[in-house]
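Subject: Structure handover

Hello,

Here is the structure you will be taking over. Please open it first, then read my notes below.

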Amino acid sequence: MSELDELYPEVLAAHVRHPRRYGLHPHPTITVHERSSTCGDEVTLQLLLDGDRIVGAAWTGEGCMISRASASILADQLPGLSTADVALRIASFRTSIRSRGSIPVDEELLGDAAALGGASRVVARATCALLPWIAAESALRATASAVIHGDPLDAGGRESGG
Ligand SMILES: [Zn+2]
């Protein structure tokens with residue numbers, strides 16, 4: 001396997017050709033924009049939340065194959081997760097991607113993101129792979145602060161279920 005094949009496995013090419021959840025949503029709960037200073041990649045990520053559960057995700061972006069594939073992979077697995085689940089996945093992915101290849105991406109937890117593991121051996125590529133995940137982290141942080149500082153719509157509280 002050449003280094004190029006390792007960096008750009010077929011699963012990434014498939015996400016670039018047919019990006020999942022691409023295109024902005026008209027009524028997102030939150031929109032965040034992140035730009036990589038190293039490669040100039042840009043990603044806009046939108047989340048739709050119902051309480052602490054993500055019920056929708058959308059993105060657009062400009063940049064290299066790694067960052068676009070990573071955004072597609074991430075956006076595709078967000079709906080249905082709780083914000084805590086997402087935080088866990090971001091932490092796991094970041095640890096692997098920053099490990100210079102010593103900690104493989106947890107495929108059971110992160111699915112197609114395991115294909116981005118090859119990027120961890122090249123610092124510049126690792127930054128590209130991480131960009132959408134950093135956007136997701138910013139979105140979670142912004143949402144959490146909105147909950148703390150904002151004016152809750154359902155001030156009476158809402159029980160789970162029903
Ligand atoms: Zn890039």
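Take the contacts between residues at least 6 apart in sequence: 59% of them join residues at least 24 apart. Keep in mind that this is a predicted model. Buried residues account for 35% of the 162 residues in the protein.

Now the elements. The protein has 6 helices and 3 strands. Read from the N terminus, they run α-α-β-β-β-α-α-α-α.

**The sheet**

The 3 strands make an open sheet, ordered β1-β2-β3, with antiparallel pairing. The edges are β1 (30-35) and β3 (53-62). Each has a single partner strand, so one side of each lacks a neighbour in the sheet. From one strand to the next, the twist averages 20 degrees.

Look at β1 and β2 (residues 42-50) next. Their antiparallel pairing covers 6 bridges. Within the sheet, His 33 sits opposite Thr 44 of β2. Helix α3 packs on this sheet and touches β2 and β3. The direction of α3 makes about 165 degrees with that of β3. As background, strands of a sheet pair through backbone hydrogen bonds, in either a parallel or an antiparallel way.

**The α2 and α3 contact**

Helix α3 also has a helix partner. Helix α2 (residues 10-17) packs against α3 (residues 65-77) at an angle of about 80 degrees. Their axes are 8 Å apart. Angles of 65 to 115 degrees count as roughly perpendicular, and α2 and α3 are therefore roughly perpendicular to each other.

Which residues in α2 and α3 meet? From α2 come Leu 12, His 15 and Val 16. From α3 come Met 65, Arg 68, Ala 69, Ser 72 and Ile 73. The residues of this contact divide into 5 nonpolar, 2 polar and 1 charged.

**Thr 83**

Is Thr 83 buried or exposed? Thr 83 has 20 other C-beta atoms within 10 Å. A residue counts as buried at 20 or more, so Thr 83 is buried.

What does Thr 83 touch, leaving out residues up to four places away in sequence? Its contacts are Asp 52, Ile 54, Leu 140 and Thr 143. Thr 83 and Gly 51 are 32 residues apart in sequence, and their C-alpha atoms are 9.2 Å apart in space.

Best wishes

Definitions and conventions: Residues are numbered from 1 along each chain as its sequence is written. This is a predicted model: local features need pLDDT of at least 70, side-chain atom pairs count only at pLDDT 80 or more; totals for chains, interfaces and linings use all residues. Axes are lines fitted to C-alpha atoms, for helices over the stretch in contact, and angles run from 0 to 180 degrees between N-to-C directions. Helices (H or I, at least four residues) and strands (E, at least two) are DSSP runs, numbered from the N terminus. Angles under 35 degrees count as roughly parallel, over 145 as roughly antiparallel, 65 to 115 as roughly perpendicular and the rest as oblique. Two residues are in contact if their C-beta atoms, placed from the backbone, lie within 7 Å. Ala, Val, Leu, Ile, Met, Phe, Trp, Tyr, Cys and Pro count as nonpolar, Asp, Glu, Lys and Arg as charged, and the others, Gly among them, as polar. Two strands pair if DSSP finds at least two bridges between them. A residue is buried if 20 or more other C-beta atoms lie within 10 Å of its own, exposed if 12 or fewer, and partly exposed in between; C-beta atoms are placed from the backbone.
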